[in-house]
Amino acid sequence: MPPYRYPTNNFTYVSSCVKYMIFLLNFIFWLFGGLLIGIGFYAFVDKWQATGLIKLETFYDIVLNLSLVMIIAGGIVFVVSLAGCLGALRENTCLLKFYSLCLLIFFLCEMAIAITAFVFPHKVNAVLEESFTDKIITTYRDDPDLQNLIDFAQQEFHCCGLSNDGYLDWGKNEYFNCSSPSVEKCGVPYSCCINATDISSGLVNIMCGYHIQQQSVAAASKKIWTSGCIDIVRVWAERNLYVIAGIALGAAISQLFVIYLAKTLEGQIDLQKSSWS
């Protein structure tokens, strides 16, 4: 009969696999958060030097300032992932509880947004139009980052403007308004044009949308996209519903798995502490 082996002092209930899996995942997101902060800060400073003034008076000024959004999002990711890294590495249950609570809050917010958008798509569509159309259109020329984003969206989704008014939304912008002294009056951005790039020269014709607002929808549709982007994006999302749902489900399962790992490690640490007392 083999002799009985007593447990050694090196025995631990804490799984190294769980511990370092949480650390590695959060270390990657910690680096990603730092990168977002760096890029956002660089863009913010560059915009400050170029314009000399950044308006941050209302909620919309913050939400529509892409560089500031990157800084805030990067800061949140940086802090939460740092808590996960240190909590796992130092086996600190307080940090792990904070980390898992943050992940749970993120998960519940994401689910609430997804369910609301799925159950009330037209209501969400109307709220977005009422809340953001005027602000985005009027600040098009004021924020270079926002301008580039709008141009990219209009070109990719083949749309013009935001609301159901479509290309006529651009009449709310001081540069494209028909009463404007600008050469762009009664026009739309070049990103609304169906063929903005000249095939022979490869150059972008920035004047392709001039005086389009004076034309009927039928006439304008031969030169530009006339539908608003919010409705076009909603239709695109409905057509790709299963793909979007699959991605959302994968993200949700991943978050729940990481929360499970964090709570498992937390329980193992508590069990290890109880064995010492």
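**Helix packing and pockets in the predicted model**

Helix α1, spanning residues 16-51, packs against helix α9, spanning residues 241-276, at an angle of about 135°, and the two axes lie 10 Å apart. The structure described here is a predicted model. Because angles over 145 degrees would be needed for a roughly antiparallel arrangement, α1 and α9 are classed as oblique to each other. Their crossing is left-handed. On the α1 side the contact is formed by V18, K19, M21, I22 and L25, which meet F257, V258, L261, A262 and L265 of α9. Sorted by class, the contact of α1 with α9 comprises nine nonpolar residues and one charged residue, with no polar residues.

Helix α1 also packs against α3, and here the axes come within 7 Å and cross at roughly 155°. With that angle, α1 is therefore roughly antiparallel to α3. The crossing of α1 and α3 is left-handed, and the residues in contact between the two helices divide into 22 nonpolar, nine polar and two charged.

Helix α3 in turn packs against α4, at an angle of about 140° and with the axes 8 Å apart. The angle between α3 and α4 therefore makes this pair oblique, and the crossing is again described as left-handed. From α3, the residues I76, V79, V80, A83, G84, L86, G87 and A88 take part in the contact, while α4 supplies L95, L96, F98, Y99, C102 and F106. By class, twelve of the residues in the contact of α3 with α4 are nonpolar and two are polar, and none is charged.

The largest pocket has a volume of about 1600 Å³. It is lined by 38 residues, of which I113, A117, V124, L128 and V233 are the closest to its centre. Two or more lining residues of the largest pocket come from each of α4 (93-119), α5 (121-138), α6 (144-157), α8 (229-239) and α9. The most is given by α4, which contributes nine residues to this lining. In terms of residue class, the lining of the largest pocket holds 33 nonpolar residues, together with two polar and three charged ones.

The lining of the second largest pocket is made up of twelve nonpolar residues, four polar residues and one charged residue.

Taken together, these descriptions share several elements.

Notes:
Residues are numbered from 1 along each chain as its sequence is written. This is a predicted model: local features need pLDDT of at least 70, side-chain atom pairs count only at pLDDT 80 or more; totals for chains, interfaces and linings use all residues. Side-chain values use heavy atoms; hydrogens and water are left out. Axes are lines fitted to C-alpha atoms, for helices over the stretch in contact, and angles run from 0 to 180 degrees between N-to-C directions. Helices (H or I, at least four residues) and strands (E, at least two) are DSSP runs, numbered from the N terminus. Angles under 35 degrees count as roughly parallel, over 145 as roughly antiparallel, 65 to 115 as roughly perpendicular and the rest as oblique. A crossing is left-handed if the near helix is turned anticlockwise from the far one by less than a right angle, and right-handed if clockwise. Contact means heavy atoms within 4.5 Å. Ala, Val, Leu, Ile, Met, Phe, Trp, Tyr, Cys and Pro count as nonpolar, Asp, Glu, Lys and Arg as charged, and the others, Gly among them, as polar. On a 1 Å grid over the protein atoms alone, a cavity is a set of points where a 1.4 Å probe fits but cannot get out, and a pocket is an open set with protein on both sides within 12 Å along at least five of seven lines; lining residues have an atom within 4 Å of a point. Grid points are joined across faces, edges and corners, and a volume is the space filled by probe spheres set on the points.
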